[in-house]
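Try each one before you read the answer.

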Amino acid sequence: MLKDKSVAARIACVLVALGIIVVAMVLPEPEGLSFPGKMSLALLVAGILLWVAEPVPFAITGIAIMIALPVFGILPFSSSEGTTVWLAWVSSVIFFVLASFGLSAALLKTKIPMRIVSFLLRFTKGNEKRVIFAFMAATFLCSMFISDLPCSALFAGIAVSSVLQIEGAEPGRSRFGRTLMISIPYAACIGGGALPSGSSMNIMAMGMLEASTGIQISFLDWAVMCTPIAVVLLFVAYFSVVLVHKPDPLSPKTLERIAEFSANKEKFDALDWKVLAIFVLTFGLWLGSNWTGWDLTGIALLALVLCFVPGIEVLSWDEFVDSVSWNVILLIGSVQALAGGIRQQGSASWFLQASIGKLAVGAGLLVVATAIVVPLIRLFIPVGPALIGTTLLPLCMIGDAFGISPVFFTIVVAISASTSFANGLESASMVVHKYNYWTLVDYFKSGIIPTIALMILHATVLLPLVTMMGY
């Protein structure tokens with residue numbers, strides 16, 4: 001990223017982005033597109049450049065674009081009627097993400113993740129490949145309910161302080177260490193796509209879908225459509241890392257210590273039981289929302305409130321504040337504002353008619369192309385919210401012209417936004433990379449097979465599942 005380069009290189013990148021905007025200002029408006037519509041697309045292109053190169057933090061780029069929206073007449077700062085920059089910025093997604101940070105912090109204080117690992121290790125029977133799958137399964141299960149980043153960091157820390165330390169696995173040389181430490185961020189990202197609660201990208205995509213089409217995806221419906229795909233991906237990712245990196249056998253000493261570790265049944269204390277009860281209640285309400293109609297974000301906020309109720313108090317205010325990534329909050333809001341401006345100016349519709357709308361593209365080809373192209377785009381747009389904000393609405397409009405449910409595109413974009421098997425520069429993988437067990441090349445090589453599997457599953461299985469659920 002350019003943030004690690006010289007000041008001159010970062011300034012040059014910013015100047016190129018500004019140049020894109022200036023050129024767009026002086027070019028004539030294409031037929032059917034207004035000046036604000038033209039400038040909304042220019043801001044989108046400039047934003048993608050800055051998000052990819054990152055000469056400034058992601059959130060700062062988003063804020064700068066948000067400020068520019070009223071300057072070019074795309075969205076006003078204030079208005080007696082219609083959408084404003086601030087209304088486009090604020091949404092239920094912001095509050096869900098805030099709640100998810102707090103719930104993740106509460107869960108990470110408990111013995112629950114460690115208990116899951118120790119339980120699964122009982123079934124490894126001294127096999128190094130089964131040990132790797134045990135860690136993947138534990139990470140996968142927890143990531144269904146907490147964010148990918150803290151989940152990946154948690155289980156990487158458990159791996160380093162337990163089995164890798166016992167084995168004496170040397171960073172950069174141990175094949176077992178390399179395989180295990182690549183498999184953990186893979187499992188975290190895969191688990192995040194199984195349920196709406198697993199990733200803020202899921203909620204953001206669902207929110208944009210509802211805002212633009214009025215279609216709501218329930219918690220249970222998402223689970224039915226996405227969990228089977230996630231389970232298949234988990235096994236594919238496991239076989240890929242094992243096949244590519246060929247973990248070396250564990251020593252008898254390590255096998256003995258793993259048996260002791262798996263037999264550890266440290267009792268839950270009051271904190272553990274309280275957090276577990278909150279998560280069980282929350283999950284039950286999420287499932288029940290299919291019939292009650294309760295809002296997923298409202299349920300998440302209720303769970304967050306319970307964390308602070310006197311007598312429960314599983315989280316302090318300082319712990320909650322420390323857990324919140326304001327970079328993510330600001331970025332999501334500003335991307336939503338840009339997407340709102342593009343939608344209001346009709347820029348996505350114009351782009352559809354001027355390009356893909358003129359091509360003789362069939363529905364089947366569009367499904368396959370989306371399943372393949374969106375994950376590839378993700379390799380070059382390192383920010384999940386940016387991928388959602390720039391691709392979801394145009395794809396939904398294109399799909400509508402061919403009779404394809406926008407729910408299909410929502411799921412493809414959301415899962416691609418939170419999952420990149422080949423790009424080791426993602427946040428969930430970088431918190432593991434710091435232990436130096438693998439290189440970016442190692443990560444890329446083992447990510448090719450699961451990336452292809454993701455494309456195939458989305459191209460063949462997802463749309464029938466969407467149709468089966470009545471969307």
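Q: Does Phe 283 count as buried, partly exposed or exposed?
A: The model is predicted, and the value here is computed from it. Buried needs under 20% relative accessible area, and exposed needs over 50%. Phe 283 has 28% relative accessibility, so Phe 283 counts as partly exposed.

Q: Are the rings of Phe 145 and Phe 283 stacked, tilted or edge-to-face?
A: By the ring rule there are 18 aromatic pairs. In one of them, the ring centres of Phe 145 and Phe 283 are 5.3 Å apart. Planes over 60 degrees apart count as edge-to-face. The planes of this pair stand at 80°, so the pair is edge-to-face.

Q: How many residues apart in sequence are the parts that Phe 145 and Phe 283 tie together?
A: Phe 145 sits in the loop between helix H7 (128-143) and helix H8 (148-167). Phe 283 belongs to helix H13. The pair therefore ties together parts whose separation in sequence is 138 residues.

Q: Which residues do ring pairs link into a cluster with Phe 145 and Phe 283?
A: Ring pairs build a cluster that holds Phe 145 and Phe 283.

Q: Is Asp 272 buried or exposed?
A: Asp 272 is found in helix H13, which spans residues 270-292. Buried means under 20% relative accessible area. Asp 272 has 1% relative accessibility, so Asp 272 is buried.

Q: Which backbone oxygen does the side chain of Thr 410 reach?
A: Thr 410 lies in helix H20 (residues 406-418). Thr 410 is buried, at 0% relative accessible area. At 2.8 Å, its side chain reaches the backbone oxygen of Pro 406.

Terms used
Residues numbered from 1 in each chain as written. Predicted model: local features only at pLDDT ≥ 70, side-chain atom pairs only at ≥ 80, totals over all residues. Heavy atoms only, no water. Helix = DSSP H or I, 4+ residues; strand = E, 2+ residues; numbered from the N terminus. Buried < 20%, exposed > 50% of the residue type's maximum accessible area, 1.4 Å probe, protein only. Polar contact = N/O pair within 3.5 Å; in protein donor to acceptor, adjacent residues only side chain to side chain. Phe/Tyr/Trp six-rings, centres within 6.5 Å; stacked < 30°, edge-to-face > 60°.
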